[in-house]
Amino acid sequence: MAFDVKKQGIPGYIVLGSAGLALISLFMPWITVDFGFGSKSEIGAANFWSWFYLIIGWGVPVFLFVTGKAANSVVAVVCGVIAALFGFYSALFRFSASMFGKTVNFASAGQWFFLIAALALIAAGILAAKGKGKIVDALDADARDIKNIFKK
């Protein structure tokens, strides 16, 4: 593997840092329920979908970083959006319940850290595109590069 730190720049470091934050978030409590006399937390690491979205969201961008390829802006944005959608869904709707006529959210710190990491991944993709000129044109060029890879 040709790992060149200088080639990656800030977007690559953001990808790597957000992947680390997402991984750490899986070992934090994702559900906290307060029973009045104590609380119960569930570790997110036991959740298959959390690990699945970690791999989907950060697998390819981290692979591109480690193998020495420049952070592809489209890959980072698309993967970040997928992870962010899961993060929003988990934090806002997945662990919500109606109790005594009120909606109560049981989301804990792990989900919010996962969501922050996903938003950072999107930001890395936008920064990578911005470094190549106009953001929309760079995203379009990167998408064409990816399309050409699959045509071969």
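Student: How many helices and strands are there in the chain?

Tutor: This is a predicted model. Along the sequence the pattern runs α-β-β-α-α-β-β-α-α. The chain has 5 helices and 4 strands.

Student: What percentage of the residues count as buried?

Tutor: Buried means under 20% relative accessible area. The chain has 152 residues. The share that counts as buried is 38%.

Student: Is Phe114 buried or exposed?

Tutor: Take its contacts, leaving out residues up to four places away in sequence: among them are Ala22, Trp30, Leu54, Trp58 and Phe86. The relative accessibility of Phe114 is 0%. The cut-off for buried is under 20%. Therefore Phe114 counts as buried.

Student: How many aromatic pairs are there, and why is the pair of Trp58 and Phe114 classed as it is?

Tutor: The count comes to 2 aromatic pairs. The ring centres of Trp58 and Phe114 are 5.4 Å apart, and their planes stand at 80 degrees. Planes over 60 degrees apart count as edge-to-face. So the Trp58 and Phe114 pair is edge-to-face.

Student: How many residues apart are Trp58 and Phe114?

Tutor: Trp58 sits in helix H2 and Phe114 in helix H4. The pair links distant parts of the chain, 56 residues apart.

Student: Which helices hold Phe86 and Phe114?

Tutor: Phe86 and Phe114 form an edge-to-face aromatic pair, with 5.5 Å from centre to centre and 85 degrees between the planes. The pair ties together parts that are 28 residues apart in sequence, because Phe86 lies in helix H3 and Phe114 in helix H4.

Student: Which residues form one aromatic cluster?

Tutor: Trp58 is buried at a relative accessible area of 2%. Phe86 is buried too, at 6% relative accessibility. The cluster consists of Trp58, Phe86 and Phe114.

Student: Is Leu119 buried, partly exposed or exposed?

Tutor: Leu119 is in helix H4 (residues 109-130). Its relative accessible area is 41%. Buried is under 20% and exposed is over 50%. So Leu119 is partly exposed.

Student: What is the C-alpha to C-alpha distance between Leu119 and Ser18?

Tutor: Leu119 and Ser18 are 101 residues apart in sequence. In space, their C-alpha atoms are separated by 8.6 Å.

Notes
Residues numbered from 1 in each chain as written. Predicted model: local features only at pLDDT ≥ 70, side-chain atom pairs only at ≥ 80, totals over all residues. Heavy atoms only, no water. Helix = DSSP H or I, 4+ residues; strand = E, 2+ residues; numbered from the N terminus. Buried < 20%, exposed > 50% of the residue type's maximum accessible area, 1.4 Å probe, protein only. Contact = heavy atoms within 4.5 Å. Phe/Tyr/Trp six-rings, centres within 6.5 Å; stacked < 30°, edge-to-face > 60°.
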